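My notes follow in the order I looked things up.

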Amino acid sequence: MGLLDSIREVLGLRAEADAARDADPDDLFGMSTAYITMEAELGFASTGDGALCFSSVDSTDFEDTVREVEDILTAGESETGTAFEVREDDHGYHWVVLHDDDPEDLITSLHFAADTFIERDYGSRLLNAFFAFEKDDRLAYWVYSFRRGAYYPFVPKRGEKDRDSGTEFKLESNLDGELDLEADKEYWYPMYPSSSGTHPWE
């Protein structure tokens, strides 16, 4: 297991021990105004992509929960146009990946998905929600940790297993007060895509 695999493992195991409070999907609505700030003040436009990362449970009931999430999103797709897929990455994490050019619809769909896990008593399996932005071919993410109840920025350097800390600190400074930010940078976990992927869920 390499360093990045170890980080991803810690993301699940350590966060399980350090959970600050129960998952609250209503926190996702904080992104509604953050989208405007990101574009107007920082030049980062939404890519239209968002994702929910969760750890699976080997049980029929959990499988039924995932199917319920899919059914809800399928029903909403005709109304909002929010496309989605459920996938597993190379490290064993599971994702609900959504795309919608309307940030409000994207946030609402992510909220519905997260809320369904919580209502079915699987809130503890939720890890993160991701919101993707782009500026001059550079991707940036706001990551919401359900275990910590806070957001943090993640800006990977394209094509590298490294992050742009300077831009992350700039995003932190500009969105401080608008989002509930993670003060302890030890919990700003990187989530790099696979060697052939673009986003963390790929």
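**Entry 1: starting from Leu110**

I listed the contacts of Leu110, leaving aside neighbours within four places in sequence: Leu28, Gly50, Ala51, Leu52, Leu98, Phe130 and Phe131. I note that this is a predicted model. Leu110 lies in helix H4. Is Leu110 buried or exposed? I find it buried, at a relative accessible area of 0%. I also checked Leu98, which sits 12 residues away along the chain. The C-alpha atoms of Leu110 and Leu98 are 7.7 Å apart.

**Entry 2: the whole chain**

I stepped back to the overall layout. I count 5 helices and 6 strands in the chain. In sequence order the pattern reads α-α-β-α-β-β-α-β-β-β-α. The chain has 202 residues, and 47% of them count as buried. I then looked at contacts between residues at least 6 apart in sequence: 67% of these join residues at least 24 apart. For the accessible surface I have about 9300 Å², with 45% belonging to carbon and sulfur atoms.

**Entry 3: the sheet**

In what order do the strands of the open sheet stand? I read S2-S3-S1-S4-S5-S6, 6 strands with antiparallel pairing. Strand S2 (83-88) and S6 are at the edges with a single partner strand each, so one side of each has no neighbour in the sheet. On average, neighbouring strands of this sheet are turned by 20 degrees against each other, direction ignored.

S2 and S3 are antiparallel over 6 bridges. Val86 is opposite Val96 of S3. Two helices also pack on this sheet. H2 touches S1, S4, S5 and S6, and its direction makes about 25 degrees with that of S4. H4 touches S1, S3 and S4, and its direction makes about 5 degrees with that of S1.

**Entry 4: strand S1**

Next I followed S1 to its two partners. With strand S3 (residues 94-99), S1 pairs in the antiparallel sense over 6 bridges. Leu52 has Val96 as its bridge partner in S3. With S4, S1 runs antiparallel and is joined by 7 bridges. Ala51 has Phe130 as its bridge partner in S4. Leu52, Ala51 and Phe130 are also among the contacts of Leu110. How many residues of S1 are buried? I find 8 of the 10, so S1 is largely enclosed by the rest of the structure.

S4 and S5 pair in the antiparallel sense, with 8 bridges. Phe130 stands opposite Val143 in S5. The hairpin of S4 and S5 leaves 2 residues between the strands, and Asp136 there has a positive phi near 50 degrees.

S5 is mostly covered, with 7 of its 8 residues buried. Antiparallel pairing continues from S5 to S6, over 5 bridges. Ser145 has Ala150 in S6 as its bridge partner. S5 and S6 form a hairpin with 4 residues between them. Which residue in that turn has a positive phi? I find Gly149, at about 65 degrees.

**Entry 5: helix H2**

I turned to the helices. Which residues of H2 (31-42) are buried? I list Met31, Ser32, Ala34, Tyr35, Thr37, Met38 and Leu42. In an α-helix, residues three or four places apart point the same way, because there are 3.6 residues a turn. The buried residues of H2 pack against strands S1 (45-54), S4 (126-135), S5 (138-145) and S6 (150-154). They also pack against helices H4 (103-119) and H5 (165-175). Just after H2, I see Gly43 with a positive phi of about 80 degrees.

**Entry 6: H3 against H4**

Last, I looked at the helix pair. Helix H3 (residues 60-80) and H4 pack at about 155 degrees, with axes 9 Å apart. H3 and H4 are therefore roughly antiparallel to each other. The crossing of H3 past H4 is right-handed. On the H3 side I list Phe62, Thr65, Val66, Glu68, Val69, Ile72, Leu73 and Thr80. These meet Asp105, Ser109, Phe112, Ala113, Thr116 and Phe117 of H4.

Terms used:
Residues are numbered from 1 along each chain as its sequence is written. This is a predicted model: local features need pLDDT of at least 70, side-chain atom pairs count only at pLDDT 80 or more; totals for chains, interfaces and linings use all residues. Side-chain values use heavy atoms; hydrogens and water are left out. Buried means under 20% relative accessible area, exposed over 50%, partly exposed in between (1.4 Å probe, protein chains only). Contact means heavy atoms within 4.5 Å. Accessible areas come from the Shrake-Rupley method with a 1.4 Å probe; for residues, only the protein chains shown count as cover. Two strands pair if DSSP finds at least two bridges between them. Axes are lines fitted to C-alpha atoms, for helices over the stretch in contact, and angles run from 0 to 180 degrees between N-to-C directions. Angles under 35 degrees count as roughly parallel, over 145 as roughly antiparallel, 65 to 115 as roughly perpendicular and the rest as oblique. A crossing is left-handed if the near helix is turned anticlockwise from the far one by less than a right angle, and right-handed if clockwise.
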